[in-house]
Amino acid sequence: MNNIQSIRGMHDILPEQSPLWRWLEKRVSNAFAAYDFQEIRIPMLEKAEVFTRAIGQATDVVEKEMYTFEDRNGELLSLRPEGTAGVVRSAIQHGLLSVPGLKVWYQGPMFRHERPQKGRQRQFHQFGAEVFGIEAAAADAELIALGERIWRAIGLSDRVRLEINSLGDREDRQRYRRQLVDFLQPHRDALDEDSQRRLETNPLRIFDSKNERTRQIMANAPRLADALSEPARAHFEEVCGLLDDLGIAYEINPGLVRGLDYYCRTVFEWITEDLGAQGTVCAGGRYNDLVEIQGGKPTPGIGFAMGVERLLALLESAGVEAAQAPHVFIVSRVAPQTMLSVAERLRDEVPELRVAVSLAGGSMKSQFKRADRSGARWSVILGESEIEAGQVAIKDLRAERGEQEMVHLDELAGHLQSALAGTERG
Ligand code: ATP
Ligand code: MG
């Protein structure tokens, strides 16, 4: 029978890749903790309405990217294409918004039926952060500072740059939308096909077009920045001022509009030049209307989401490596119960030690080969007569001329513990 393959655009994270994932997850979760965020874990499957209401009908995500299906009860469900809508649903449902200042982060897979290509999958992963109930510009600035700290923590500060913009409030966008449509109508036939359609459904999104001719036309379009109401303009100025005070570099990009309908006021993206066309590694913004749209009391919010695969691609191109080899590889031809009990004792006495046992057996030569290939630092050799005398041999597999050292079984754990401490210091 032929073997079954995974779904196109949905990838396995293989054992050799997972150490880098864990390395990244640890650093990112530490950064969230440093800003007093708590983790929230929500289902991957929600009622489709959670997303259609929040994200907006006339967006790429809802129009063509969602995995939506009827379950056995005829209920319309969607695999989550992003995290914010579900977090808002959960926060309302559990009354988490009654006190202003809820800060939560999440991580996990998201699903979008897009054309798979470099930096674009159908199952991909995000880290995301959301802050609720704080209207003040300081919340925008602190969230952006958190993003900056994450780049520093993973050594990518030099590889990304920050772009920000303000989308104003709902009425600003409605007013601006009319101006933009008036400006674009005479150019209608010169726009690419998608943009012609968006002219009716979601004209701001035309700024996202990659079509050269369309981009040239948009370069002369009226600016959303000029259509902002006074409070929205003041808010944006304050955000910029706070970023200046914090020493965070940014560029104002008036064409930055973001693909989801729920954004307002501050929007931002961190972009890299090192990944080709799929260069946005983190994107976010304010969503002051979203909680109300989802059925809660009006509550401001702001958040961002990072694309984990794109971060990993950047880390790999920067040569960051993380591997997880065993510390100790036990080789022996003695009875299995002896090998297992020595290994268990080591695990009891040195919980942080990673202990592999040569369970596959075979000649000593082939066992040593496996020990080498495992990347282990030490092998522990249990000889028939030595073990009877309570002795085992330790061999440093990294040493030039790996001499064996005999130690008493009772001292093995202590010996390895100090050797381990030595490698971690060194
Ligand atoms: P893009 O313009 O690349 O389609 P987007 O605006 O749809 O991005 P968001 O919804 O803002 O993306 O998601 C936040 C981040 O998640 C993106 O900046 C990106 O890093 C990542 N991301 C989005 N879609 C995918 C995907 N299909 N595959 C891998 N990563 C993705
Ligand atoms: Mg997209």
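**Figure 1. Tyr262 and its ring partner Tyr287 in the predicted model****.** Tyr262 is buried, with a relative accessible area of 4%. Tyr287 also counts as buried, because its relative accessibility is 1%, under the cut-off of 20%. The ring centres of Tyr262 and Tyr287 lie 5.9 Å apart and their planes meet at 75°, so this pair is edge-to-face. Tyr262 belongs to the loop between strand S8 (251–252) and S9, and Tyr287 to the loop between S10 and H10; the pair therefore ties together parts that are 25 residues apart in sequence.

**Figure 2. The largest nonpolar core****.** This core has 48 residues, and those with the most contacts inside it are Phe132, Leu180, Leu184 and Tyr262. Among the elements that each supply at least two residues of the core are helix H2 (48–55), strand S5 (103–111), strand S6 (123–132) and helix H6 (170–184). Apart from this core lies another, of 44 residues, including Val160, Leu243, Leu275 and Val281.

**Figure 3. Helix H6 and its buried face****.** H6 has 15 residues and reaches 21 Å from its first C-alpha to its last, close to the 21 Å expected at 1.5 Å a residue. Asp172, Arg173, Tyr176, Leu180, Val181 and Leu184 are buried in H6. Seen down the helix axis, the buried residues of H6 fall within an arc of 160°, so they line one face. An α-helix has 3.6 residues a turn, so residues three or four places apart point the same way. On the other side of H6, Glu171, Arg178 and Asp182 are exposed. The cover over the buried residues of H6 includes helix H7 (193–201), H8, helix H9 (230–246) and strand S9 (264–272). Among the residues that Leu180 touches are Pro203, Phe207 and Met218.

**Figure 4. Strand S11 and its neighbours****.** Seven of the seven residues of S11 (residues 301–307) are buried, so this strand is largely enclosed by the rest of the structure. Gly301, Gly303, Ala305 and Gly307 point one way from S11, while Ile302, Phe304 and Met306 point the other way. S6 pairs with S11 in the antiparallel sense over seven bridges, and Phe132 has Gly301 as its bridge partner in S11. Strand S10 (residues 280–286) also pairs with S11 in the antiparallel sense, over five bridges; here the bridge partner of Gly285 is Gly303.

**Figure 5. Aromatic rings around Phe32 and Trp105****.** A search of the whole structure finds eight aromatic pairs. The rings of Phe32 and Trp105 have centres 4.9 Å apart and planes at 20°, so they are stacked. Phe32 lies in helix H1 (residues 18–34) and Trp105 in strand S5, 73 residues apart. Ring pairs link Phe32, Phe37, Trp105 and Phe304 into a cluster.

Note on methods:
Residues are numbered from 1 along each chain as its sequence is written. Chains are lettered from A and ligands numbered from 1 in the order in which they are written. This is a predicted model: local features need pLDDT of at least 70, side-chain atom pairs count only at pLDDT 80 or more; totals for chains, interfaces and linings use all residues. Side-chain values use heavy atoms; hydrogens and water are left out. A nonpolar core is a set of buried Ala, Val, Leu, Ile, Met, Phe, Trp, Tyr and Cys residues joined through side-chain atoms within 4.5 Å. Buried means under 20% relative accessible area, exposed over 50%, partly exposed in between (1.4 Å probe, protein chains only). Helices (H or I, at least four residues) and strands (E, at least two) are DSSP runs, numbered from the N terminus. Contact means heavy atoms within 4.5 Å. The expected span of a helix is 1.5 Å times one less than its number of residues. The arc is that of the directions from the helix axis to the C-beta atoms. Two strands pair if DSSP finds at least two bridges between them. Rings of Phe, Tyr and Trp (its six-membered ring) pair if their centres lie within 6.5 Å; planes under 30 degrees apart count as stacked, over 60 as edge-to-face and the rest as tilted.
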